[in-house]
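User: Hi! I'm new to reading protein structures. Could you walk me through this one?
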Amino acid sequence: MREPVTARDLVDGLRQLGLDRSSSVVVHSSLSSFGYVDGGAEAVCAALTEVCGTVLMPAGSWMLTGLPAPPGLVRPDNAFWNAENWPEFEEKVSQATSFRADLPIDSWLGTIPETFRQTCAPLRTEHPLFSYQAAGPAAERILAAQRPDWPLGPLEALEALDGDVLLLGVTHTSNTTIHLAEQHLGRSRFYRYAKAANGLWTEFPNIPGESHHFDSLEPVLRPITKEVRIGQARVRRIPKQAVLSATRDLVEADPAALLCTDDPTCRCAAALQQRLAALSN
Ligand SMILES: [Zn+2]
């Protein structure tokens, strides 16, 4: 039987990474990666807000608000599916929920973001597909950087604060900052659809795409990654600026970097075409 992870273990581990009240972090997380945590997700959230200054987390409610593309609306290199006909689309709109600040956060983001929302009363943005939440002194400023047409704005604002990416037991496949660097180079910019209000749907641009090959960035980032083990979890802190510049260097050298190239139906293929189109402009 392994020892449970305690609140003290969590706080000590985060401090060993050099985090303190001046730190601003975006957190991607897996509660189960720790093993048994005394106090569960709430203990993890409490440790983050105790140690760090500003804590940013994803807060998307895509599973509730998301829609297929309307019939016939096909954007180039968009790798998405359309409703077959208008009655089917209208039915999807009626089944979906329009965004509210109290909607639960998608479970595929892990249980920690939803617990953070419930227990730390963070501020939350209103993007129906790509909401973010944050607590701490810079929360308002970071979240104000999101626009409906620029969902990853909070990650850009975090860069300006010399922020860090904090991976709690997850890999770089969860590291959305890599998508931000791609988007700066015209790649991984997809159009997606959400219910905006009753009977009303909206198209949102610049939604990021596939990340299943992102862990190939890990060796490049290893020299500037700080890492500790907390329970069973591998906890890593990487300066945001380093993630952005390493991704930029790779994609500028090879438009297909960090993408799979063996599956023409994957969103990676569409992202590559977007990059090639940006290069030819
Ligand atoms: Zn792929």
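User: How much accessible surface does the protein chain have?
Analyst: About 12,600 Å², and carbon and sulfur atoms make up 51% of that. Keep in mind that this is a predicted model.

User: And what share of the residues is buried?
Analyst: Of the 281 residues, 53% count as buried.

User: What about the radius of gyration?
Analyst: The chain has 19 Å, and a compact globule with 281 residues would come out near 19 Å, so the two agree. The C-alpha atoms fill a box of roughly 55 × 45 × 40 Å along the principal axes.

User: How many helices and strands are there?
Analyst: Eleven helices and ten strands.

User: Where do His-212 and Cys-268 sit?
Analyst: His-212 is in the loop between β8 (200-207) and α9 (218-221), and Cys-268 is in helix α11 (residues 267-280), so the pair ties together parts 56 residues apart in sequence.

User: Is Cys-268 buried or exposed?
Analyst: Buried, because its relative accessibility is 1%. His-212 has 39%, so that residue counts as partly exposed.

Note on methods. Residues are numbered from 1 along each chain as its sequence is written. This is a predicted model: local features need pLDDT of at least 70, side-chain atom pairs count only at pLDDT 80 or more; totals for chains, interfaces and linings use all residues. Side-chain values use heavy atoms; hydrogens and water are left out. Helices (H or I, at least four residues) and strands (E, at least two) are DSSP runs, numbered from the N terminus. Buried means under 20% relative accessible area, exposed over 50%, partly exposed in between (1.4 Å probe, protein chains only). The radius of gyration is taken over C-alpha atoms; the globule rule is 2.2 Å times the number of residues to the power 0.38. Accessible areas come from the Shrake-Rupley method with a 1.4 Å probe; for residues, only the protein chains shown count as cover.
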